[in-house]
Protein chains: 2
Amino acid sequence: MKANVYVTLKAGVLDPQGETVKRSLHLMGNDDIEEVRIGKFIQIKMRNQGLEQARRQLEEISDQLLANPVIEDFRVELAEGE
Amino acid sequence: MKANVYVTLKAGVLDPQGETVKRSLHLMGNDDIEEVRIGKFIQIKMRNQGLEQARRQLEEISDQLLANPVIEDFRVELAEGE
């Protein structure tokens with residue numbers, strides 16, 4: 001089965017990488033870009049198991065390894081039926 | 001208006017960061033994780049404009065700056081009505 005995990009900086013946490021990208025976009029003439037925030041998009045393949053069990057496991061590994069819960073939020077998305 | 005850009009490594013391109021995360025997950029006891037691929041999840045706020053025009057602009061900046069088209073694919077997702 002397949003899952004996606006989205007890791008984003010919490011609101012209020014500065015994103016220097018996103019700021020740099022925004023500045024570059026402005027320099028390229030894209031003045032209408034107001035904010036850029038850069039997070040992670042993690043695609044996972046795992047052995048088939050129950051959806052609830054898989055979700056629990058993915059939330060655990062997101063909290064323990066994929067995200068830094070002090071400054072980041074995460075969202076787990078399970079692709080049903082795969 | 002808001003947009004999300006997903007940047008992923010092309011199929012066949014090695015992902016050492018994803019491999020390292022997979023190994024760590026196995027060491028933590030998650031033997032059922034078969035593959036981990038790490039991409040970018042970029043959230044953009046921009047001034048309102050037509051959807052088609054916004055999509056064209058976002059695809060251009062993804063191709064020019066956000067992704068490396070040699071090794072990465074990207075997907076633009078526009079949040080309609082925001």
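The dialogue below goes through the interface of chain A and chain B in a predicted model.

Trainee: What makes E35(A) and K45(B) a salt bridge?

Mentor: The closest N and O atoms of E35(A) and K45(B) are 3.1 Å apart. The rule asks for a Lys or Arg side-chain nitrogen within 4 Å of a carboxyl oxygen of Asp or Glu, so the pair qualifies. Across the interface of chain B and chain A, the rule finds two salt bridges.

Trainee: Which elements of chain B supply the side that touches chain A?

Mentor: Strand 1 (2–9), helix 1 (16–27), strand 2 (33–46) and helix 2 (51–66) of chain B each supply at least two residues. Strand 2 of chain B gives the most, with 14 residues. By class, that side of chain B has 14 nonpolar, eight polar and eight charged residues.

Trainee: How do you know that strand 2 of chain A and strand 2 of chain B pair?

Mentor: Pairing needs at least two bridges, and these strands have 13, so they count as paired. The sense is antiparallel. One of the residues involved is F41(A), whose bridge partner in strand 2 of chain B is G39(B).

Trainee: Why is the pair of Y6(A) and F41(B) called edge-to-face?

Mentor: The ring centres are 5.2 Å apart, within the 6.5 Å limit, so the rings pair. Their planes stand at 65 degrees, and over 60 counts as edge-to-face, so that is the label. The pair crosses between chains, from Y6(A) in strand 1 of chain A to F41(B) in strand 2 of chain B. Over all chains, a search of the whole structure finds five aromatic pairs.

Trainee: What is the area buried between chain B and chain A?

Mentor: About 2900 Å², with carbon and sulfur atoms giving 59%. The accessible area lost when parts come together is often used to state the size of an interface. In terms of contact, 30 residues of chain B meet 30 residues of chain A.

Trainee: How many residue pairs are in polar contact between chain B and chain A?

Mentor: The count is 16, with both residues at pLDDT 80 or more.

Definitions and conventions: Residues numbered from 1 in each chain as written. Chains lettered and ligands numbered in written order. Predicted model: local features only at pLDDT ≥ 70, side-chain atom pairs only at ≥ 80, totals over all residues. Heavy atoms only, no water. Contact = heavy atoms within 4.5 Å. Buried area = accessible area lost by both parts, 1.4 Å probe. Polar contact = N/O pair within 3.5 Å; in protein donor to acceptor, adjacent residues only side chain to side chain. Helix = DSSP H or I, 4+ residues; strand = E, 2+ residues; numbered from the N terminus. Nonpolar A, V, L, I, M, F, W, Y, C, P; charged D, E, K, R; others polar. Phe/Tyr/Trp six-rings, centres within 6.5 Å; stacked < 30°, edge-to-face > 60°.
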